[in-house]
Amino acid sequence: MSEYLLPASEGSLAYAELYERVSSLIISTPESIASIGVPHCPKWTVKCVLSHMIGVPEDVLLGQMDGVTTEAWTQRQVDRHIEQSKNELLAIWSNTFENFKALLLKIPQPTISQFVFDQVTHEHDIRHAISQPGARDSRAIAVAEGFVRDLIARNPDPEINALADRPIIGFAFVRSFTGRRSKAQIAELGLPAETVAAFIRTSPLDIPAESIVE
């Protein structure tokens, strides 16, 4: 296994913790937060992001993997939950998690880390949108960091490849390499902004034109 990826069991635990954490966070907020725009996902509201977070394990359980990870695939997840309230979505997520948790331990690397990476990225997108920061040192962040470092280490460009061992760690590392920081913010951390941008261009992600302060 890659030197960067954490064991698959860590990914399973990370998602279980994330589910409990995010569902508790959302249930404690008013229904009105569902319509708040998400700066890191400018086409989506909080409800859209939550629908995607719920929709991924739903689609895995249902075998609906046609176009997996594409914009069309994620948009279908958003569209099918468009009429549901925040509390209805949480009830669906609870039921989905009960069915999904048995599968968690069977998901191999790097798939489990990629899944946790996506989920924790959107956890913090929502936290930023509703001004509820927290959990920046979670197990999910550690799993996501390992996944991103592994991707960087496997990039054929030697300048990108060299970024895998940069000493910036945790939340700052994950957000910098996943299109959640502007070039100016990336440079402030001492990272080569253009090289980071070149890495991000190899993914479906984009760097925001303006700094978004979390």
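The model is predicted: local features require pLDDT of at least 70 and side-chain atom pairs count only at pLDDT 80 or more, whereas totals for chains, interfaces and linings use all residues. Residues are numbered from 1 along each chain as its sequence is written, and side-chain values use heavy atoms, with hydrogens and water left out. The structure holds 1 cavity of 30 Å³ or more, and its largest pocket has a volume of about 1,400 Å³.

**Terms**

- Helices (H or I, at least four residues) and strands (E, at least two) are DSSP runs, numbered from the N terminus.
- A residue is buried under 20% relative accessible area, exposed over 50%, and partly exposed in between (1.4 Å probe, protein chains only).
- Contact means heavy atoms within 4.5 Å.
- Cavities and pockets are found on a 1 Å grid over the protein atoms alone: a cavity is a set of points where a 1.4 Å probe fits but cannot get out, and a pocket is an open set with protein on both sides within 12 Å along at least five of seven lines. Lining residues have an atom within 4 Å of a point.
- Grid points are joined across faces, edges and corners, and a volume is the space filled by probe spheres set on the points.
- Ala, Val, Leu, Ile, Met, Phe, Trp, Tyr, Cys and Pro count as nonpolar, Asp, Glu, Lys and Arg as charged, and the others, Gly among them, as polar.

**Helix α3 and its cover**

- Helix α3 spans residues 71-80, and W73, T74, Q77 and V78 are buried in it.
- These residues lie on the same side of α3, because they cover an arc of only 140 degrees around the axis (taken from the directions from the helix axis to the C-beta atoms).
- An α-helix has 3.6 residues a turn, so residues three or four places apart point the same way.
- The cover over the buried residues of α3 includes β2 (41-45) and α2 (46-62).
- T74 has a relative accessible area of 13%. Leaving aside neighbours within four places in sequence, T74 is in contact with W44 and H52.

**Helix α5**

- Helix α5 (residues 111-129) has 19 residues and reaches 27 Å from its first C-alpha to its last. This is close to the 27 Å expected at 1.5 Å a residue, where the expected span is 1.5 Å times one less than the number of residues.
- α5 is mostly covered, with 15 of its 19 residues buried.

- T96 lies in helix α4 and is buried, at a relative accessible area of 6%. Apart from neighbours within four places in sequence, T96 is in contact with I54, P57, E58 and L61.
- A197 is placed in helix α10 and counts as buried at 4% relative accessibility. Its contacts, leaving aside neighbours within four places in sequence, are K183 and I207.
- A197 and L18 are 179 residues apart in sequence and 28 Å apart in space, C-alpha to C-alpha.

**The largest cavity**

- The largest cavity has a volume of about 40 Å³ and is lined by I26, I33, A34, V46, K47, L50, K86 and L89.
- α2 and α4 (86-104) each supply at least two of the lining residues, and α2 gives the most, with 3 residues.
- The lining of this cavity divides into 6 nonpolar, no polar and 2 charged residues.

**The largest pocket**

- The largest pocket is lined by 45 residues, of which T69, D118, H122, P204 and L205 lie nearest its centre.
- The elements that give two or more residues to this lining are β2, α2, α3, α5, α6 (139-153) and α10 (193-200).
- The largest share of the lining, 7 residues, comes from α5.
- The lining of the largest pocket divides into 24 nonpolar, 15 polar and 6 charged residues.

**Backbone geometry in the loops**

- Most residues other than glycine have a negative phi, and most peptide bonds are trans.
- The peptide bond from Q109 to P110 is cis, with omega near 0 degrees, and P110 is placed in the loop between α4 and α5.
- S131 is exposed, with a relative accessible area of 58%.
- A135 has a positive phi of about 55 degrees although it is not a glycine. A135 is placed in the loop between α5 and α6 and counts as partly exposed at 22% relative accessibility.
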